[in-house]
Amino acid sequence: MADLLSLQQRAAQGEKLAILTGYDASFAAQLEAAGVDAILVGDSLGMVVQGQRSTLPVTLAEMAYHTAAVARGAANTLIIADLPFGSYQANPAQALQSASTLMAAGAHCVKLEGGAIMAETVAFLSARGIPVCGHLGLLPQSVNSLGGYKVQAKTDAAAQQLIADAHSLTHAGAAMIVLEAIPATLAKQVTDSIAIPTIGIGAGVDCNGQVLVLYDMLGINPGKPPRFAHNFMEGAGSVAAAITAYVTAVKKSTFPTEKHSFHSA
């Protein structure tokens, strides 16, 4: 069983962490067999599984259902589950109740979006034995206030705020932080300045690890793939080979490349 502490230690020693999203037992088994370091049960399921236009309609009950399915398919892999929109923002007590539901379903860590404003909640959960993964940069649950799915922290002021948010989450006890759709140089700054792993998605090659939406990685998302995604099914021959190719590319730092990265204004 891969545990969170061993992942943190391996990242500190320079090993890149390869993470993919997963939503069911069959794909989870494939991910585990290919040696992914963790499976993220993302609220992205709202878009790629349910056909929603955003992640916002996904419920806690749905997240628990999919988390349990993944846990049954990958009994020896670290599972991170998203706290869905509206299930944790009110106060730390609400977050604890929601996180407990996902942990009982089989998660080993929960992920929430937001910076310093969520530090109290991160500390509250961490002190009660619930590991937390933070999420900075493009926050899908805040897509309406961000004006769409756009690259974030491109100005100096926004970059400094993101760095401050990363430090706030780290000091609050976060176990790792996902950095989404931010300039690669900023992601490197954050990675070099905090003591917990950073997991990039559209954040350049210098993060401690990478995560992609499984369906983007397999080229089967019906929507337009994001710039930071790569179709590993091309030339792979099978789903298993594509997942293995992704894991290998992340471990060798051959993915992401420059074309998958963003830059400051």
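Strand β6 (residues 176-180) and strand β7 run parallel and are joined by four bridges, where two strands pair if DSSP finds at least two bridges between them. Helices (H or I, at least four residues) and strands (E, at least two) are DSSP runs, numbered from the N terminus. This is a predicted model, in which local features need pLDDT of at least 70 and side-chain atom pairs count only at pLDDT 80 or more, while totals for chains, interfaces and linings use all residues. Residues are numbered from 1 along each chain as its sequence is written, and side-chain values use heavy atoms, with hydrogens and water left out.

**Strands around β7**

- E180 has I201 as its bridge partner in β7, and the chain crosses from β6 to β7 through helix α9 (residues 184-193) in a right-handed β-α-β crossover (with the strands pointing away from the viewer, the path from the first strand over the helix to the second runs clockwise).
- In β7 (residues 198-201), T198 and G200 point one way and I199 and I201 the other way, and all are buried (under 20% relative accessible area, with exposed over 50% and partly exposed in between, for a 1.4 Å probe and protein chains only).
- Strand β8 (residues 209-212) runs parallel to β7 and is joined to it by two bridges, and G209 in β8 is the bridge partner of I199.

**Helix α6**

- The buried residues of α6 (residues 119-127) are A119, T121, V122 and L125, and they line one face of the helix because, seen down its axis, they fall within an arc of 160° (the arc of the directions from the helix axis to the C-beta atoms).
- These buried residues pack against α5 (92-105), β4 (109-111), β5 (132-137) and α8 (156-172), contact meaning heavy atoms within 4.5 Å, whereas E120 and A127 are exposed on the other side of α6.

**Aromatic rings**

- Five aromatic pairs are counted, where rings of Phe, Tyr and Trp (its six-membered ring) pair if their centres lie within 6.5 Å, and planes under 30 degrees apart count as stacked, over 60 as edge-to-face and the rest as tilted.
- The rings of F27 and Y215 form a tilted pair, with centres 6.1 Å apart and planes at 55°, and this pair links F27 in helix α2 (residues 25-33) to Y215 in helix α10 (residues 214-217), 188 residues apart.
- The rings of F232 and F255 have centres 5.4 Å apart and planes at 80°, so the pair is edge-to-face.
- F232 counts as buried at 9% relative accessibility, and F255 counts as buried at 5%.
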